[in-house]
Structures are given as C-alpha cells and as structure tokens.
Amino acid sequence: MPAFSLEPERTAWCAELRALAADRLRPLAEEGEPGRVNRPLVAELGRLGLLARLFTSGALDLCLMRESLARVCTEAETALALQGLGAHPVHAHGSPAQRERWLPAVSEGRAVAAFALSEPGAGSDAAALTLTAAPDGSGGWRLTGEKTWISNAPEADVATVFARTTPGAGARGVTAFLVPAGRPGLTGTPLDMLSPHPIGTLAFDAVPVTPDDVLGEVDAGFRVAMGTLNLFRPSVGAFAVGMAQAALDATVEWTARRDAFGGKLKDLQGVAHQVAEMALRTEAARLMVYAAATAYDSGAPDVPGRAAMAKLLATETAQYVVDTAVQLHGARALQRGHLLEHLYREVRAPRIYEGASEVQRGIVAKELYRSREEGGA
C-alpha cells in the first residue's frame with residue numbers, strides 16, 4: 001500500500017532495495033554473529049552504494065532506505081543506520097581533514113562508525129553527561145569516564161564522542177570529539193543485549209584529544225547531537241514501520257491459509273478486525289514518518305516536534321503490530337528462527353534508543369507550548 005506522496009520512481013527504488021536486501025544482504029546477515037559487527041555485511045552495503053547515499057540523500061530517502069531494508073533484513077537496515085548515525089556529525093560538522101579521512105572509508109564500508117552519547121547516569125537526560133574533557137595544558141584535553149549502550153562499540157573504528165568541557169553548564173558545556181579506535185586509554189566491552197545488533201561500553205582513561213579532533217565548536221556539541229537526532233529520529237520510525245509491515249505481511253499470509261474452526265482464520269471477525277487495525281496503524285505511522293522527513297528536507301521550523309511525533313508513533317505502533325502478529329500466529333511465532341520471534345526481539349529497543357518514548361512526549365509538549373508563547377497566545 002504505497003503512501004500518496006511517493007513518486008513512481010521512489011516506489012520502484014524501494015522495490016529495488018527490497019530485492020537487493022533479499023538477494024545480496026540477507027545471506028550475509030545470516031552468516032553474522034549476534035552482538036558483533038558484521039563487517040562483510042557493512043562492506044556489501046558500501047559496494048551497493050547505499051552507505052554513500054547516507055551523506056547525499058535527504059531525510060525522506062533515508063527513511064525509504066531504512067523502511068525498505070527493514071522489511072526484508074533488519075540486520076542490514078541497522079548496519080546502514082549505525083554508519084549514518086556515527087558519521088553524520090563528521091559529514092555535517094567535520095573539518096575538511098576529518099571528512100577526507102573518514103567519510104570515504106565509512107561510505108565504502110571499510111570503517112565502522114559509532115555515536116557515543118549515552119552514559120550509565122545520562123541516557124535519556126543527555127545534557128547531564130559527565131564524561132570529562134579536562135584541559136591537558138597543551139591546548140588539548142584528556143577524556144575520562146564511561147559511555148554505555150553504544151551501538152557498534154567496542155568494535156567501531158571511529159566514534160563521535162560527547163564530553164563535558166565546561167562543568168556545571170548543562171547542555172552548553174558539551175563538546176563533540178571524533179575519536180579513532182586505538183587511542184591510548186580507550187577500551188571497551190561488548191554487552192549481551194536482547195537486541196541482536198552490536199552494543200557495548202567505551203571506557204576512557206585520560207584518552208588524549210586535540211583541537212583537530214573537535215567536531216564543530218567547543219561547548220557546542222549538544223547542537224551536533226540534537227542536529228543528528230533530528231535527522232535520524234524520523235528514520236528510526238521508518239525502521240519501525242518496515243518491521244511492522246513485515247509482521248503485517250506475514251500475518252495476512254498466515255491467516256489467509258490457516259485452517260481453524262471449520263474455515264480459514266481470516267474468516268473469524270475477531271481476527272479480521274485485528275489485521276485491519278494492524279494495517280491502519282502501520283499506514284498512519286508511515287505517513288507521519290514521511291511527513292516529518294519532508295519537513296526536515298524543506299527546512300520547516302517544527303522539525304523537532306514532528307521528528308519526535310514520528311519516532312514515538314511509529315515505534316509504539318510497531319510494538320503493537322508485532323505483538324499482535326505473534327498472538328495471531330500462536331506458539332510457532334515464538335520458535336527460534338521464526339520471522340516474528342526475530343522481530344519481537346528487534347522491535348523493543350527503538351522505543352528506548354535515540355530518545356525513549358517518554359522523552360519524545362516531552363519534546364512534543366515542549367514544542368507545543370513554545371509555539372504558543374511565540375505566537376503571543
């Protein structure tokens with residue numbers, strides 16, 4: 001069911017992406033190890049030109065890529081998205097030297113990137129981060145502290161790291177640094193999480209960074225983080241929509257052929273109405289994601305609120321749709337290796353990362369009251 005706003009060329013491109021995911025990406029994903037970076041998969045995304053498009057496409061095309069891949073291969077979708085999340089700050093705020101060193105390698109799948117914002121005591125409250133960047137007396141800094149729940153850690157080749165350069169300044173005292181792997185004092189540990197993609201910790205023991213490692217300006221790192229999240233939050237929604245659509249497709253197929261109570265499962269009104277509700281919510285979420293992405297691409301002033309709404313609605317919808325799909329499939333959907341068992345594990349995390357659902361509601365409310373005040377009401 002294509003959204004009304006998509007041109008035929010984009011619809012055809014989405015179909016092409018789904019075919020590539022089935023033929024070229026899913027076989028590599030199946031050979032990967034859960035919780036570890038799948039470098040052959042990342043390299044194939046580079047060979048297909050999809051990673052390079054992360055830095056040349058607008059928000060809507062980013063959403064279409066993520067939704068299309070997610071319908072067929074969530075591992076490929078996530079590998080693509082994590083490259084974009086980790087390296088977008090370099091693309092948007094990096095110096096010519098930083099861009100020249102890292103963007104080609106990330107685009108070609110030769111280097112793996114990470115976005116290191118969350119900390120043990122500062123997940124949703126990103127402005128409260130405590131990783132310290134202390135001046136070292138030579139114009140640089142030493143990073144001390146810990147990051148956790150960082151996708152692609154600790155295997156990433158480079159990470160965008162957010163650290164406090166001015167104590168007590170809240171969001172205004174944070175700086176973004178580009179930190180390559182191998183810096184003295186930088187270590188990490190993988191975490192065994194429900195979600196199958198690689199997540200870990202990064203520990204900083206007086207890790208040296210210089211002015212050449214700064215992304216953007218000193219004490220302006222929160223702007224780097226929020227700019228990146230405003231772009232990627234709608235596309236997290238697109239990832240969720242892709243999973244919801246995959247669950248819906250599987251449910252339509254299953255209920256149409258499953259014999260139950262003297263007929264097909266689809267003939268039971270209670271089942272048919274649930275499937276209709278799944279379709280309704282999925283399409284509503286898709287349209288909100290596309291609207292938020294289009295607002296970003298057009299430079300609309302209400303992007304933060306729209307991005308938050310899109311991520312919130314789409315991730316909560318996907319949770320509902322996948323859960324309902326599992327219920328209608330019965331016990332078989334809980335067997336290891338079943339599509340819905342996989343989606344059931346995948347669908348939970350997006351309601352937390354890049355701003356939990358509660359954070360998104362706070363953003364929406366804040367934007368509503370800010371608009372009221374600016375309008376003089």
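Gln-360, leaving aside neighbours within four places in sequence, is in contact with Arg-233, Ala-308, Lys-311, Leu-312, Glu-354 and Gly-355, where contact means heavy atoms within 4.5 Å. This glutamine is found in helix α11, and at 0% relative accessibility Gln-360 counts as buried; buried means under 20% relative accessible area, exposed over 50%, and partly exposed in between, with a 1.4 Å probe and protein chains only. Helices are DSSP runs of H or I with at least four residues, and strands are runs of E with at least two, both numbered from the N terminus. The model is a predicted one, in which local features need pLDDT of at least 70 and side-chain atom pairs count only at pLDDT 80 or more, while totals for chains, interfaces and linings use all residues. Residues are numbered from 1 along each chain as its sequence is written, and side-chain values use heavy atoms, with hydrogens and water left out.

Some of the residues touched by Gln-360, including Arg-233, Glu-354 and Gly-355, return in the largest pocket, where Leu-229, Arg-233, Tyr-353, Glu-354 and Gly-355 lie nearest the centre among 43 lining residues. Rolling a probe the size of a water molecule over the atoms shows where empty space is left. Here the search runs on a 1 Å grid over the protein atoms alone: a cavity is a set of points where a 1.4 Å probe fits but cannot get out, a pocket is an open set with protein on both sides within 12 Å along at least five of seven lines, and lining residues have an atom within 4 Å of a point. The largest pocket holds about 1,200 Å³ of space, a volume being the space filled by probe spheres set on grid points that are joined across faces, edges and corners. At least two lining residues come from each of α5 (74-93), β3 (141-151), α7 (221-257), α9 (303-329) and α11 (357-374). By class, the lining of the largest pocket contains 24 nonpolar, 9 polar and 10 charged residues; Ala, Val, Leu, Ile, Met, Phe, Trp, Tyr, Cys and Pro count as nonpolar, Asp, Glu, Lys and Arg as charged, and the others, Gly among them, as polar.

The second largest pocket has a volume of about 670 Å³, and of its 37 lining residues Ala-29, Thr-74, Glu-75, Pro-196 and His-342 are the closest to its centre. Its lining takes at least two residues from each of α1 (8-30), α2 (39-47), α4 (59-72), α5 and α10 (339-346), and it divides into 16 nonpolar, 11 polar and 10 charged residues.

Helix α4 deserves a separate look. Because 12 of its 14 residues are buried, α4 is largely enclosed by the rest of the structure, and its buried residues, among them Cys-63, Met-65, Arg-66 and Glu-67, pack against α1, α3 (50-53), α5, α7 and α8 (269-297).

Not counting residues up to four places away in sequence, Val-289 touches Cys-63, Pro-234, Gly-237, Ala-238, Val-241, Ala-310 and Ala-314.

A cis peptide bond, with omega about 0°, joins Ala-153 and Pro-154, and Pro-154 is found in the loop between β3 and β4 (158-164). Asn-152 lies in the loop between β3 and β4 and has a positive phi of about 75° although it is not a glycine; Asn-152 is buried, with a relative accessible area of 5%. Ala-206, in strand β7 (residues 199-209), has a positive phi near 55°, and at 27% relative accessibility Ala-206 counts as partly exposed.
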